[in-house]
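User: I would like to learn how to read a protein model feature by feature, beginning with the general idea each time and then turning to the case at hand.

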Amino acid sequence: MTWSSLIVYVDDEPDNVARIKLACDLARKHHAHLIGLSACAPVTPVVDGADALGMIGEIIEVQHEWALKALKAAETRFREICTHRGVSCEWRGALGDPSYWAELHARAADVLIVGFRSDANSAWRGVHAIDLVMHTGRPVMILPGEPTVSPVHSPVLLAWNDSRECRHAASAALPFMQKATIVRVVELSNARDLDAARLRVADVGAWLHRHGVRAELDARAQDGHSTGRQLLDCAREMEAGAIVSGAWGHTRMRQWFFGGVTQSLMAQDSISLLLAH
C-alpha cells in the first residue's frame with residue numbers, strides 16, 4: 001500500500017500556512033501528489049422590510065465577489081508554498097458548502113488533511129473534521145497549528161481496542177506507520193482482561209511487522225483516568241507525532257455525539273490525529 005495523493009483543506013485560519021507546510025512534508029515523504037482544496041459559501045443576506053429587498057441583488061453580488069477573492073487568495077497561498085517546497089500539486093476551489101465539497105472530492109485522494117479548528121471562524125469557509133471522518137470513507141489527518149512533535153517521520157501511537165473502526169484505521173494508516181520511527185500498539189484494559197489484551201496486541205504487532213512496520217507492544221491496565229486521557233498521556237510519554245485511532249459517533253440533527261475516546265482526542269490540539277470510521 002502507498003499514499004499516492006493527499007488533499008489538504010485550505011482556509012483562512014491562523015494555522016493554515018503551517019498545515020499546508022506539513023501537508024507538503026507528508027507529500028514529499030510519501031512521494032505523493034498534493035491537492036489543495038477550498039470552498040466558500042457566500043453568506044445569504046437577511047433583509048427586513050420592503051426597502052431592503054431592492055438591495056438584495058447587490059448584497060448577493062458583493063458576497064459572491066468576496067467568496068471568489070477568498071478562494072483566489074487561498075489558491076495563491078497554496079501554490080506558493082508547494083512551489084517553494086518542490087511538491088507536485090493541483091488546485092480545486094468551489095463556491096458552496098465546504099464540507100460538502102470536501103466529501104465530494106475525497107474520492108481523489110488517500111487521505112484528507114484538515115485542522116483542528118477549521119470551522120472556528122466561519123462555517124462558510126471551514127470544514128467539520130468529524131463530518132469528514134464519518135462520511136468520506138477516507139482517513140482524515142487532523143493537524144494542530146503547532147504540533148508538539150511533527151507527524152512526519154516520528155513515533156506513532158496506534159490506539160487499539162479490536163473494533164471494526166480500529167481495524168479500518170490501522171489498515172488505512174499502514175503507509176503512514178511504515179514511515180514512522182516506531183509504532184507503539186497500545187490497548188488499555190481492565191486488570192482481569194490484561195492477558196487477553198497482550199495476545200491481541202501481539203497479533204497486531206506481528207501483522208505490522210509483516211508490513212515492514214517497526215512496532216512495540218503495550219497492553220496496560222487502565223489507571224483510573226478516562227481512556228482518552230490515558231492515551232494522550234501515553235502519546236506524550238513516547239513523544240508521538242500522531243495518534244492513529246478509529247472514530248465512533250452518530251448523527252442527530254446534524255450534530256455529532258462521540259464516544260468518550262474520540263471526544264477526548266478532539267478536545268486537545270497539540271498531537272496530530274489520524275482517524276477513520
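User: What should I know about the model and its numbering before reading any feature?

Analyst: This is a predicted model, in which local features need pLDDT of at least 70 and side-chain atom pairs count only at pLDDT 80 or more, while totals for chains, interfaces and linings use all residues. Residues are numbered from 1 along each chain as its sequence is written, and side-chain values use heavy atoms, with hydrogens and water left out.

User: What is the mean pLDDT of the protein, and over which residues does pLDDT stay under 50?

Analyst: pLDDT is the predictor's confidence in each residue, from 0 to 100. Where it is low, the predicted coordinates should not be read in detail. Here the mean is 89, and 88% of the residues reach 70 or more. Over residues 250-258, however, pLDDT stays under 50, although the model has 18 contacts there beyond four places in sequence, a contact being heavy atoms within 4.5 Å.

User: Why is S9 described as largely enclosed, and which strands pair with S9?

Analyst: Burial is judged by relative accessible area: under 20% is buried, over 50% exposed, and in between partly exposed (1.4 Å probe, protein chains only). Because 5 of the 5 residues of S9 are buried, the strand is largely enclosed by the rest of the structure. Ala-242, Val-244 and Gly-246 cover one side, and Ile-243 and Ser-245 the other. S9 (residues 242-246) runs parallel to S12 (residues 272-276), joined by 5 bridges, with Gly-246 partnered by Ala-276. S9 also pairs in the parallel sense with S6 (residues 156-159) over 3 bridges, where Leu-157 stands opposite Ile-243.

User: Which residues touch the most other members of the largest nonpolar core?

Analyst: A nonpolar core is a set of buried Ala, Val, Leu, Ile, Met, Phe, Trp, Tyr and Cys residues joined through side-chain atoms within 4.5 Å. The largest has 48 residues, and Leu-6, Leu-34, Leu-158, Phe-176, Met-177 and Leu-208 touch the most other members. Helix H1 (residues 16-30) supplies the largest share of this core, 6 residues. Apart from it lies another core of 36 residues, including Ala-39, Val-114, Val-133 and Leu-231. Leaving aside neighbours within four places in sequence, Leu-208 is in contact with residues including Leu-158, Leu-174 and Met-177.

User: Is Ala-102 buried or exposed, and with which residues is Ala-102 in contact?

Analyst: Ala-102, found in helix H4 (residues 98-105), counts as buried because its relative accessibility is 1%. Neighbours within four places in sequence aside, Ala-102 is in contact with Leu-37, Leu-112, Val-127 and Leu-132. The C-alpha atoms of Ala-102 and Thr-136, 34 residues apart along the chain, are separated by 8.5 Å.

Methods
Helices (H or I, at least four residues) and strands (E, at least two) are DSSP runs, numbered from the N terminus. Two strands pair if DSSP finds at least two bridges between them.
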